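Me: I have a structure open and want to go through a few spots. Can you take my questions one at a time?
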Amino acid sequence: MNKLALALLAGASAIATAPAFAQDALPQVNDSYFKQAQAELDRIIARQPNTGKAKNVILFVADGLSVPTVTAARIFDGQKKGVDGESNKLAFEELLPYVALAKTYTHDAQVADSAPTATAMVSGVKSVNGTVGVTQAIKYKDCTSVKGAEVTTIFEQAENAGLSTGVVSTARITHATPAATYAKVANRDQENDSQLSDADKAAGCKDIAAQLVDWPAGNGFEVILGGGRSNFMLKDQADPEADGKTGSRTDGRDLVKEWQAKYNDAAYVWNKAEFDAIDAAKTGHLFGLFERSHMQYETDRAKDKGGEPSLAEMTEKAIDMLSKDEDGYVLMVEAGRIDHAHHAGNAYRALEDTLALSEAVKVALAKVNPEETLVVLTADHSHTMTISGYPKRNNPILGIAGKADDGKPYTTLGYMNGPGATAEGGRADLTNVDTSEPDFLQQALVPLGESETHAGDDVPVFAQGPWAHLFQGVIEQNMIYHVIAKATDMAAKPQKQASAN
Ligand SMILES: [Zn+2]
C-alpha cells in the first residue's frame, strides 16, 4: 500500500470515529439554506421511479422556453406575488421532478425552428428545418419529396390504437408545433391552399389545414383548440370576430363545415362563451378556433373582442373531453407565444405567457391521476434572451441591472439580437424609461428589426409519471418520443389501421 492510500485510509477512519465531522456538529447546521437543501435531498431520496404503464400522456410544448426564460419567469412570478422571486418555483418546476437537457440541433441546422423539433418530439427522428412530419429524406420546399419521407406520429399511433387524442395551442393550430402531430409538408408556411404554388397544387400536395380535416388516423382528434381560423375559411366568408376580415382559402373548401359534417357528436366554437357552454360529457369531438391568426398573448387576452379561453382553461376542457376514454389519451398542449414575444424582443409578454403555461400545468396535474399519466414539459428551441449584470437580490427582474461604460443604465434582461437593437447612434438612455411596462422592448446588440432569432443552446425537459425517470442527463430531443412510446407501450397496442397519408 502506498503512502497516499494509507493516508486516505487514516482519513476515512478519522471521519468514521471523530464526532467533530458529524453533520449536525457543523457550524452551518442551522443555516436556512443548509436546512432547505437537506430537506430537498430527503425528498429526492424518497422519490421512487414509476415503472407502471402510462395510460395517458400530456406533452406540454413551451415554444421558445429557454432556461433563462424559466429562471426569469420564476422570479417574475414570485415578485408579482410579493414573495422571494429567486427561490420561487413555477408549477412545472414543483410538480415535474425529473429533468433532462435536450439537444435541439436538427438534421441540417445548428439552430432549429419549431417544425423539425416538434417532429422530433412526436415521431422520434431529427429532420430538416422548415419541414413538418417528415424524415431527413425530405427536400425543403419540394413537396414531391414528401412521399416516402412521412413519419407516423405518436398521435397517429394512438388514434389507430383506439385512444383519444387532442391538440391545443395558443398559436395557429396549423402552425409548425401543433401541425407536427398530424401534417406532412416540405414547407411549414403552407398553412392554407393559397400558400401553395401552382406546381405544388398540380403535384397534388395539400396544405396543413386541409390535412388536419382530412387526417386519416382513427376517428380524428377529439379535441382541437387554438387559433388560425382563416386557414379553415374561404376568402369570401366574413370572419365572425374581426370586422372586414375574411378567410384565406381559395379552393372552395369550407373546412369548418367539412369537419362538422364528419361527426354527429361534434361542436365547433370560436369564442369564450361558446367554449364555456361546451359540456365535455356530452361532446365527442370539439373544434375551437378563437382567432383568425394566433390567439392573444396572455397579457392582452382580456381585451379580445370575442373572448378567448386561457391556456389553462383549454387544457382543463381537453382533459375533461379526453379522459372519458377508458383506453387513455395523448394530448399536446402548446404555449405557442412565448416564442413570438421573444421574436418581438418583448420579455414581458414572454414571461406572462410562461406563467399562463405554469397555470395550465397546475390545472392539468390537479385533474389527472399522476400515477398513470406521463406529463412532459419541454421547449422546442431556445431564444437569445439573457439574465445579466450583477443585480442585487430581489431587484425587479424587468428592472435595471447597473450602468455600462457608456454611462447609461442597462436592464437585467436583454437580447443578443432583434428589434431592440439600434443600427446607428448607440443605444437609448433608459434613465427615465419604465422598463417594466408591458410594451418595453429589451435592448439587443445585433439589429434584426423584423425578428429576434432562436438560439442553439439546450432546452430543459421536465417530467412526471410512468417512466418519467428516463428523462435524465443530456439527451437528443427526438428521445422524447421514444420515452413516450416506451411509457405507453405503444408498440404493443394493436393498430386498427395502418397510418396512411
Ligand atoms: Zn420562433
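Me: Where is the place of Ala356?
Reply: This is a predicted model. Ala356 sits in helix α14.

Me: Is Ala356 buried or exposed?
Reply: Ala356 is buried. There are 20 other C-beta atoms within 10 Å of Ala356, and 20 or more is the cut-off, so Ala356 counts as buried.

Me: What is Ala356 in contact with, leaving aside neighbours within four places in sequence?
Reply: Glu298, Ser310, Leu311, Ala312 and Ala335.

Me: And how far is Ala356 from Gly307 in space?
Reply: 16 Å, C-alpha to C-alpha. In sequence, Ala356 and Gly307 are 49 residues apart.

Me: Now the helices. At what angle do α12 and α14 pack?
Reply: About 25 degrees, with the axes 8 Å apart. Helix α12 covers residues 311-322, and helix α14 covers residues 347-367. Angles under 35 degrees count as roughly parallel, so α12 is roughly parallel to α14.

Me: Is the crossing of α12 and α14 left-handed or right-handed?
Reply: The crossing is right-handed.

Me: Which residues make the contact?
Reply: From α12, they are Leu311, Ala312, Thr315, Glu316 and Ile319. From α14, they are Ala356, Leu357, Glu359, Ala360, Val363, Ala364 and Lys367. By class, the contact has eight nonpolar residues, one polar and three charged.

Me: Why would residues three or four places apart in an α-helix point the same way?
Reply: An α-helix has 3.6 residues a turn, so residues with that spacing point the same way.

Me: Change of topic. Where does Ala112 lie?
Reply: In the loop between β2 (98-103) and α5 (114-123).

Me: Why does Ala112 count as buried?
Reply: Because Ala112 has 27 C-beta neighbours inside 10 Å.

Me: What does Ala112 touch, not counting residues up to four places away in sequence?
Reply: Thr104, Tyr105, Thr106, Thr117 and Asn129. Ala112 also touches Asp380, His381 and His454.

Me: What separates the C-alpha atoms of Ala112 and Asn56?
Reply: 28 Å. Along the chain, Ala112 and Asn56 are 56 residues apart.

Me: Last one, α3. How many residues does α3 have?
Reply: Helix α3 has 15, residues 67-81. From first C-alpha to last, α3 reaches 21 Å, close to the 21 Å expected at 1.5 Å a residue.

Me: Which residues of α3 are buried?
Reply: Thr69, Val70, Ala72, Ala73, Arg74, Ile75, Phe76, Asp77 and Gln79.

Me: What comes just after α3?
Reply: Gly82, with a positive phi of about 80 degrees.

Technical notes: Residues numbered from 1 in each chain as written. Predicted model: local features only at pLDDT ≥ 70, side-chain atom pairs only at ≥ 80, totals over all residues. Helix = DSSP H or I, 4+ residues; strand = E, 2+ residues; numbered from the N terminus. Expected span 1.5 Å × (residues − 1). Buried ≥ 20, exposed ≤ 12 C-beta atoms within 10 Å, placed from the backbone. Axes fitted to C-alpha atoms, helices over the stretch in contact; angles between N-to-C directions. Parallel < 35°, antiparallel > 145°, perpendicular 65-115°, else oblique. Left-handed = near helix turned anticlockwise from the far one by under 90°. Contact = placed C-beta atoms within 7 Å. Nonpolar A, V, L, I, M, F, W, Y, C, P; charged D, E, K, R; others polar.
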